[in-house]
Structures are given as C-alpha cells and as structure tokens.
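Here is a walk through one protein model with a ligand. Keep the structure open while you read.

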Amino acid sequence: MQQNDTVTQLKQEFLDSLEAHFAVSLADATDLQRYQALAAVVKQKIATKWRRTKEDYRDTGAKQVYYFSIEFLPGRYLRANLLNLGLLADTEQMMTELDVDFTAVMEAEVDQGLGNGGLGRLASDFMDAMPSIALVGNGNGIRYRYGLFRQAFINGYQVEYPDDWLKNDDVWEVRQDDEAQVVHYGGNVYLQDTPDGLRPVYDGGLDVLAVPYDTGMVGADNDVVNTLRLWSAEVPEGVKASVSERSVIESISGELYPDDSNEEGRRLRLRQEYFFSSAGVQNIIKHHLADGYSLHALPFQVAIHINDTHPTVVIPEMMRILLDEHGLGWEEAWGITTRTVSYTNHTLLAEALERWSQDLFAQELPRLFQLIQEIDRHHRVSVASEHGEDFAWRTSPLQDGQVHMARLAAIGSHAINGVAPLHSQLLQDKVLHDFYILWPAKFSNKTNGITHRRYMHAANESLSALIDTKIGRDWRKLPKDITKLRDFNMDEAFLRELAVVKRQNKQRLADWVSHNMGIDINVDAIFDVQIKRLHAYKRQLLHLLGILTDYLALKHDANAYVAPRVHIFAAKAAPSYHYAKQIIKVINEVANMVNNDPAVNDKMQVVFLPNYGVSLAELIIPAADVSEQISTAGKEASGTSNMKLMANGALQLATMDGANIDIIHAAGAENAYAFGMDTDTVYKHYEQHDYSAWDIYQNNPKLHRVLDALIDGTVPNVQEEGQAVFDSLIRDNDEYFVLGDYESYVDTQARLGQDYQNQQAWTRKSLANIAASGEFSADYTVAAYADEIWHVPHNLLAQQESK
Ligand code: NBX
C-alpha cells in the first residue's frame with residue numbers, strides 16, 4: 001500500500017507536539033496529553049484559515065451576522081474539527097498505525113457544556129452550519145466558569161456536581177485582552193442638560209471588565225473559520241476590589257443557570273443577560289466605526305440575532321449607545337436598532353416567558369430602564385390611537401410592575417420567528433397574536449435543523465460510509481441528496497447491511513452500559529430511546545406508564561405478548577425542579593425492579609444513563625430503534641433530538657407536536673408511529689375544563705392497576721415519589737394529559753412491537769427515515785435565516801447548482 005503523505009506528516013506533527021508540550025514520548029503519554037497534543041496540532045491547522053477569514057471579512061466589508069445566545073453547547077470539538085478539516089480518516093489511520101486507542105484520546109476532551117438543552121445545542125449546530133455554507137456569522141455568549149452540572153444517581157436520586165470543564169484548560173480558545181469591554185451596572189443616573197441635549201450622568205455603580213475568549217468555528221471542506229466569542233467577567237485593571245467585590249464580579253460568568261424552561265427572575269441572571277449583550281454590542285459598534293462606517297450603515301453591515309429573549313437587552317443597549325454616546329435622535333436610533341435586530345422564540349410555555357420586576361431592573365440597569373420606559377411610551381402612543389388603550393396596555397413592555405421581555409423583543413426587532421410550522425402558527429394565533437395583528441410581515445417560520453456532520457458523519461461513521469457506497473458522497477455536502485437512498489429500499493442486501501450497522505451501534509452502546517452501569521442489555525431487543533431534559537410536558541412519565549403496563553402484563557401472564565425492549569432514558573432535571581427529580585427517582589426504581597426480575601428480563605430492561613450531554617447523545621442516537629417524542633401536543637416548540645434520531649434510522653413514536661409533524665410528513669406516515677391528541681383537542685380541553693383524569697383512571701382498569709402500582713408498594717422504594725406522581729396525575733388533574741394519551745400510546749407501542757418482528761420491513765421504514773432526514777439539516781435552516789431575515793450571502797445554493 002502506498003504510504004499516505006498526510007498520515008506521515010500528521011504523525012510527525014503529533015509526536016513533535018507531544019514532546020514540545022509535555023516532554024514525553026508517545027508510550028509514556030497519558031490520554032489527556034495525547035488529546036491535548038493532537039488538539040494543538042489541529043488548532044494550528046485552523047489558525048491560518050481563521051486569520052485569513054478574519055482578514056477577508058475586514059477587507060471585503062462583508063455584512064456580519066452575530067448570533068447572541070446565553071447558551072452554547074458544543075460538546076467535544078476534536079472529532080468535529082478533524083471531520084470538517086477533512087482529516088478524520090487520516091487521523092484514525094495514524095492512530096491505528098501508532099497502536100493508540102483513538103476513542104480514548106477523544107474521550108479525554110471534556111464536553112463543553114455551556115447550555116441546558118435544545119436551545120443551546122441549536123446555537124452550536126448553527127455555529128457548525130454557518131462556516132460550512134460560507135456564511136459570515138459569529139456567536140456571542142458567556143464563558144461560564146462552570147457549565148451545566150454533572151449528574152449522578154445515588155439511590156436512584158439525582159445528585160448534582162459542579163462541571164469544572166476548565167480544569168485542564170480549554171485547548172481551542174484564544175483570550176483576546178485587547179478586545180475587552182467595560183460593562184456598567186447599577187448606581188444612579190441623572191439626565192443633565194448639555195449643549196448637545198440631555199445626557200446621562202452616572203453616579204456610582206459597578207464596572208465589570210468583559211474579556212473575550214474566541215474559538216474558531218471550522219467550516220466543512222472549505223477555508224472558512226468563523227468566530228465564537230464568549231465573554232468572561234473580571235475586575236477591571238487598576239481597580240482595587242475587595243475579596244467580596246471580586247467574587248460579585250466573577251460570579252457574573254461564574255455558572256450557567258441550570259434551568260431550561262422556567263424563568264428564575266434572579267438578579268444574577270439579569271446581570272448575565274446584560275453582560276454578554278452589552279459587551280457584544282459595544283464591541284460590534286466599536287469595530288463598525290473603526291472600519292470607517294457610519295452608524296446609519298449599521299443595519300447594512302450587521303445583523304444581530306437574539307436566541308430567545310435572554311439577549312433582549314441588546315435593544316435598549318443599542319439605543320443607549322446611539323443616543324448617549326453618539327448623540328443620535330430617538331427616531332433614527334430606533335430605526336437603526338430595529339432594522340439590525342431579529343428574534344427567535346423557542347417556547348410556548350407561559351412560565352418560560354421572561355419577565356423582570358421593574359424595581360430590580362431599574363436597580364441593576366437604571367439607564368436601560370429609562371430607555372425601556374421611553375420605548376414603552378412610544379409604543380403606547382403609536383398603537384393606542386388605532387387599536388385602543390386596552391390593546392396598548394396588553395402589548396406594552398412595562399405592565400404590572402414587570403418588564404416583559406418577549407414584548408420588548410417583538411417591538412424592537414424587524415423579524416420574529418418560531419422554530420417549527422406548528423410552533424410558528426401558535427405564536428401568531430396565540431402567544432404573540434397581538435403583535436401579529438400589528439406587524440404580520442415580521443412573522444415567519446424557520447424550522448430547526450441539526451448538523452448532520454456531527455450526528456451522522458462523525459457519530460455514525462459506518463452508516464455514513466454505507467450510504468456513500470450507494471449514492472456517492474454528494475449528500476454529505478447537500479444533505480437533501482440523501483433522498484436518493486429511496487431507490488434502494490427494495491435492495492435486500494442493502495437492507496441487511498443497514499441492519500448490521502444498527503446492530504454494531506447497539507453493541508457499542510451496550511458495551512458502554514455494561515462497562516459504566518454494570519447492566520448487560522440485550523442487543524436483539526428494540527432500543528426504545530427517550531433522551532431530552534426531564535420535564536413534565538415532555539412526558540417521560542407516559543413512557544414509564546407504558547413500561548409498567550408491560551411489566552404487569554408479564555407478571556400476570558409470562559406468555560403475554562410483549563416485544564423485547566430495552567428502554568433507554570437519559571435526562572437531567574433542573575436542580576430546583578422537585579417534581580422532575582421525583583420522576584427520575586421513580587424511573588430508576590422501576591428500572592431496578594425490572595432489571596432484577598428474572599421473570600421479565602428476557603422481555604424488558606430499563607436503563608437510565610446518567611449525565612446526559614452531547615457526547616452521550618452521539619453514542620445513544622446511532623443505536624436507537626425507536627425515538628420517543630411524546631410531548632403534549634402544542635407544548636414542544638420543535639424538538640431537535642427527533643431529527644438526529646430519524647437521521648440515524650430510528651422510527652418515531654410521536655405525538656403531533658413541534659417538528660414531529662414535519663418529520664412524519666417527510667418520512668411518510670407509514671414509517672412512523674403517531675399517536676395521541678392533537679393540538680386542537682388539547683386546547684379545547686384547557687378552554688372547556690372538561691378533562692377528568694379521575695374518570696379516565698376509574699374507567700380504564702389496566703391504567704388503574706398501573707397507577708396503583710406507584711403507591712401500593714408494587715414499585716419498591718418510592719413511597720413519597722410514587723405518591724407525588726400519582727397525586728399530580730389524579731388529584732391535580734394531570735396538567736399534561738398523560739392519562740388522556742395513555743391508551744393510544746400503549747396500543748401504538750403494541751403495534752410497533754409487532755412490526756419490529758419483521759426485520760426487513762422495519763429496516764425499510766428505518767431507511768425511509770434516513771432518506772427523508774436531509775431537509776432537517778441546519779445548513780438549510782441557516783440558509784433560510786440568511787436569505788429571509790439577515791440578508792447575507794452564503795454558498796449553499798451555489799453548491800446545489802454547481803453539482
Ligand atoms: O429549544 C428548546 C425547545 O423546548 C425545543 O422544542 C426546541 O427544539 C429547542 C430549539 O429551538 N428550548 C430550550 O431548550 N430552552 C432552553 O434551554 C431555555 C434555557 C434557559 C431558559 C429558558 C429556556 N431560561
């Protein structure tokens with residue numbers, strides 16, 4: 001075999017790097033040292049492209065997109081960077097030649113977990129898609145010292161440990177001291193008459209230095225490397241701070257709030273929101289002016305996108321800079337601001353819509369509060385004449401002593417979008433209906449997408465390679481090309497190969513479970529997967545009731561028909577979300593009971609994998625047969641694990657919610673298992689108050705028995721938690737209609753179990769899902785934002801046409 005030059009060179013660079021950084025030979029190096037040495041080599045390869053990209057953006061005066069997000073959830077970078085650089089296969093070969101366990105090396109990288117769930121991971125998928133379609137886009141966020149907590153189970157209970165992700169330093173980031181910005185909090189503000197008009201005078205308060213750390217976002221198979229800029233809070237140079245002052249300042253980027261769908265309304269959180277918003281906007285305007293542009297050119301040079309409402313303070317912050325620092329008039333400043341900013345909403349849950357107490361807001365950000373009062377006044381005046389006082393009041397940012405962030409975002413931006421068709425429709429019809437009346441043209445849908453590079457090419461190399469053998473490699477650049485796979489759905493040899501790949505991936509996961517949890521799971525069984533944050537509306541409970549149903553059926557009759565399943569859960573619960581933690585305990589105890597009962601073991605097992613995160617997802621998703629997407633219809637904005645799982649050949653067991661609808665439509669209804677109430681039915685129940693969990697409990701003996709199992713000792717060790725679950729379903733009338741969808745769920749599960757017995761037919765359905773997954777690539781999503789909201793170029797279409 002001809003010696004591959006790239007491999008030879010990589011090997012030399014890797015060994016040199018090991019010696020240069022650690023003064024060790026390969027044989028003596030630890031996995032961590034090997035990882036860091038290899039990452040340093042990769043970083044060097046990124047650096048040249050990164051510098052050139054930055055110079056190119058500056059020289060061409062390209063319009064820049066800034067994606068402001070309080071969370072980014074990149075996971076590990078090494079494998080994804082190697083893939084995008086086109087060096088993954090060569091690196092694998094090098095490691096084989098060196099007899100190094102490459103997986104162990106990659107696993108030495110700590111996941112960067114600076115996000116909770118879907119919202120943060122979406123931001124990171126976009127960071128991968130943007131450079132890959134040659135879009136000039138950067139991320140702007142917070143460099144939390146501690147990311148999302150590390151989860152462990154003790155006695156079935158979730159316990160949280162700090163995520164000290166920086167303990168070995170972060171190889172990828174570059175600190176940029178000369179780009180630091182001062183962010184000001186608190187104190188008093190007076191308006192003073194000056195020859196230039198009213199100007200604020202600040203008295204007291206706190207100055208915080210925002211220091212950026214930049215990481216290169218590597219485009220796939222091109223020379224583009226964009227920037228993710230995360231800000232860290234420090235004491236400004238020359239300021240004498242006491243120990244306690246220092247800790248107040250550093251706490252601003254100290255840790256990520258571990259709450260995903262519930263507004264905390266805490267002071268520190270507001271400080272965090274202002275911190276990266278202000279630092280980001282100041283920095284953008286500074287560069288804009290330094291490059292010689294006028295402030296009026298800002299909307300033509302810059303698009304600022306706010307990922308949910310957490311960065312909404314960019315709107316009053318831009319007004320502050322334009323008015324106070326540059327002396328613009330209100331109308332011109334407002335025009336510039338609104339034409340620059342656009343907003344994505346990610347939630348329909350009322351309790352997740354951000355609101356701040358006006359008192360707290362005014363204490364922390366007094367000048368911004370004044371400006372919001374002014375925005376509020378302008379808004380009322382402009383809408384009251386046509387729509388009446390009541391309407392003006394309902395849509396005002398300031399109401400009932402609170403600052404309503406979604407209203408401020410809707411008023412202060414030129415575009416508002418939801419993340420799946422149903423979600424966008426519900427925003428228009430319900431949650432933001434008044435704003436839709438005011439400005440219908442602002443509204444649009446941008447269905448979420450995923451990066452197939454990380455979730456297929458890297459996480460499921462054998463599937464990707466198998467696909468290549470059938471349709472070539474175009475689909476890797478143009479994901480919709482994967483529909484060509486449909487031509488092979490009668491190719492029995494191919495279906496068998498697909499099944500073999502799935503089985504290997506299941507075995508890989510089974511090995512992990514065996515090694516880490518000491519449970520040997522049956523790889524011939526259906527891997528039935530539910531992986532996402534633990535939340536009542538996502539209804540892990542419905543899945544659990546299904547498990548108990550099978551369990552009781554088997555205990556009653558050992559020959560009862562139950563298709564063998566391994567139920568796989570992974571989920572973190574917000575530490576303050578008591579009920580979610582109780583559900584975790586119950587699932588863990590049911591798992592214990594089932595896994596230790598030889599009478600049912602050949603038919604069912606339940607595993608709850610601890611510490612769900614990006615890397616664990618990459619291991620679970622390729623192994624899944626069934627993807628449980630079972631939220632109450634009308635509650636899940638989109639979902640994105642649904643897309644990752646379909647792309648890896650899992651069949652959806654799903655309610656008609658969020659993007660499930662679109663996935664089922666794309667794959668074909670016959671290739672998915674839809675069940676349950678639709679949104680209209682759900683809304684009708686809420687409006688008519690005609691849902692009775694008690695009646696369902698009384699009238700369904702099977703369900704009755706299952707629910708009783710939670711409180712009569714059948715499930716051991718859950719006295720308190722079983723009762724809590726029971727009470728929430730029965731006494732509190734089951735807010736998320738778990739019982740209402742129960743019958744439909746278990747029937748559908750039974751049908752699915754039957755279907756699985758025909759392996760070939762099943763694999764054909766799996767193929768249909770893989771072949772339909774292309775449209776859910778984030779490349780298309782980001783291209784749609786670029787075309788319709790940001791108005792910046794990209795080369796996705798060019799790639800499509802030139803093929
Ligand atoms: O955003 C999620 C939605 O629940 C998903 O349906 C959707 O697919 C995803 C991406 O659009 N929302 C989400 O993850 N929210 C948060 O993580 C969150 C974090 C902090 C916070 C509120 C929500 N204060």
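Domain bounds here come from an automatic or database domain assignment. This is a predicted model: local features need pLDDT of at least 70, side-chain atom pairs count only at pLDDT 80 or more, and totals for chains, interfaces and linings use all residues. Residues are numbered from 1 along each chain as its sequence is written.

The assignment gives domain 1 (61–76 + 111–448 + 786–801) and domain 2 (452–684 + 740–776). Taken over C-alpha atoms, their centres lie 34 Å apart. Domain 1 puts 42 residues into the contact and domain 2 puts in 34 residues. Two residues are in contact if their C-beta atoms, placed from the backbone, lie within 7 Å. On the side of domain 1 that touches domain 2, β2 (72–75), α6 (118–132), β5 (150–154), β6 (157–161), α16 (421–431) and α34 (796–801) each supply at least two residues. Helices (H or I, at least four residues) and strands (E, at least two) are DSSP runs, numbered from the N terminus. That side of domain 1 divides into 16 nonpolar, 18 polar and eight charged residues. Ala, Val, Leu, Ile, Met, Phe, Trp, Tyr, Cys and Pro count as nonpolar, Asp, Glu, Lys and Arg as charged, and the others, Gly among them, as polar.

Now the ligand. Which residues come nearest to the ligand? Of the 20 around it, they are G118, L119, D260, A637 and S638. The shell draws at least three residues from each of domain 1 and domain 2. By class, the shell has five nonpolar, 11 polar and four charged residues.

Helix α23 (residues 578–595) has 18 residues and reaches 26 Å from its first C-alpha to its last, close to the 26 Å expected. The expected span is 1.5 Å times one less than the number of residues. Of the 18 residues in α23, 13 are buried. A residue is buried if 20 or more other C-beta atoms, placed from the backbone, lie within 10 Å of its own, exposed if 12 or fewer, and partly exposed in between. Helix α13 (residues 366–387) has 22 residues, so it should span 32 Å, and its end C-alpha atoms are 30 Å apart, which agrees. Its buried residues include L368, F369, L371, I372 and I375. After α13 comes G388, with a positive phi near 90°.

Most residues other than glycine have a negative phi. A134 is not a glycine, yet its phi is positive, about 55°. A134 sits in the loop between α6 and β4 (137–142). A134 counts as partly exposed because it has 19 C-beta neighbours inside 10 Å. D169 also is not a glycine and has a positive phi, about 65°. D169 lies in the loop between β6 and β7 (174–175). With 8 other C-beta atoms within 10 Å, D169 is exposed.

Definitions and conventions:
A residue is near a molecule or strand if its C-beta atom, placed from the backbone, lies within 6 Å of it.
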